[in-house]
Amino acid sequence: MENSNEMTIIFDSRPENEGLARVAAAAFCTQLNPTLEEVADLKTAVSEAVTNCIIHGYRGEVHKIRMKCVRKERTIYVDIEDDGVGIADVEKAMEPLFTTRADQDRSGMGFTFMEAFMDEVKVTSQVGKGTCVHMSKKIGN
Amino acid sequence: MKPVFETTGTCLNIKLPKEVDHPASELIRRESDRIMGKIYIRTICFDFGETIFMDSSGIGLIMGRYRALGMRSGCMKACHVSGYIEKLLQLSGVSRFLELEGEEKEMQLEGRGI
């Protein structure tokens with residue numbers, strides 16, 4: 001299909017890979033000719049989701065994170081998934097300013113930023129199994 | 001680019017790097033904690049002049065420094081703030097206690113930002 005494209009990358013849950021993930025997603029998105037603001041929004045959302053996998057999902061341990069980017073027509077879909085501890089109460093975790101790590105200067109704004117910068121954010125999680133953040137954004141709205 | 005820390009009297013100036021993400025914020029938090037343990041600091045000024053990317057880790061850094069300075073009014077300042085960074089500051093609510101310095105605000109209107 002001409003109007004679709006797909007990319008999956010798997011990387012270690014190391015903080016230095018947050019930059020890799022957001023730049024890869026931004027590069028994938030360029031085929032839709034996005035504005036600088038749209039690229040910045042996508043990069044911030046990806047960075048938030050990957051940081052969550054590293055700090056909360058894997059609690060600093062090194063395991064794998066999977067990022068799948070799909071383009072369909074003018075919409076980009078990004079799924080970011082870990083096999084970490086999972087989230088018991090997703091609704092609570094998504095509340096602005098809610099954090100379990102205030103001691104580490106975490107703001108609790110991660111999901112708020114994802115929701116502000118993407119059109120749709122959905123979280124599926126199972127305690128002990130892992131978490132997947134599904135996001136989408138229409139480019140050129 | 002690495003962050004640059006300078007003190008003028010009781011003011012700590014932190015020139016932020018290009019990307020204020022989770023690893024960069026951790027480094028800045030540790031170094032500013034070390035400086036604040038040695039020197040009495042009353043105000044912190046963040047210089048966003050080089051910064052092109054920030055996420056909620058940077059917001060956490062600002063909130064944490066505000067707490068460390070006793071949440072006094074006027075203790076947190078920012079300069080060279082681009083339109084994109086200002087959007088993050090406002091969305092997260094930290095703009096309520098983070099004073100944007102006047103001159104730089106005008107520069108921003110003249111076309112800084114993304």
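Which residues of the largest nonpolar core touch the most other members?

## The largest core

In this predicted model, where local features need pLDDT of at least 70, side-chain atom pairs count only at pLDDT 80 or more, and totals for chains, interfaces and linings use all residues, side-chain values use heavy atoms, with hydrogens and water left out. Residues are numbered from 1 along each chain as its sequence is written, and chains are lettered from A in the order in which they are written.

A nonpolar core is a set of buried (under 20% relative accessible area, 1.4 Å probe, protein chains only) Ala, Val, Leu, Ile, Met, Phe, Trp, Tyr and Cys residues joined through side-chain atoms within 4.5 Å. The largest one has 33 residues, of which Ile44(B), Phe46(B), Phe48(B), Ile59(B), Ile62(B), Met76(B) and Leu89(B) touch the most other members. Not counting residues up to four places away in sequence, Ile62(B) touches Phe46(B), Phe48(B), Met76(B), Leu89(B), Val94(B), Phe97(B) and Leu98(B), where a contact means heavy atoms within 4.5 Å.

## Where the chains meet

In the interface, 26 residues of chain A are in contact with 24 residues of chain B. The buried area, which is the accessible area (1.4 Å probe) that two parts lose on being put together, summed over both, is about 2,000 Å² between chain A and chain B, and carbon and sulfur atoms give 57% of it. Arg22(A), Asp105(A) and Phe113(A) supply 28% of the area that chain A buries against chain B, more than any other three residues.

## Charged pairs

The rule finds 6 salt bridges across the interface of chain A and chain B, each a side-chain nitrogen of Lys or Arg within 4 Å of a carboxyl oxygen of Asp or Glu. Glu37(A) forms a salt bridge with Lys87(B), and their closest N and O atoms are 2.9 Å apart.

How values were computed
Buried < 20%, exposed > 50% of the residue type's maximum accessible area, 1.4 Å probe, protein only.
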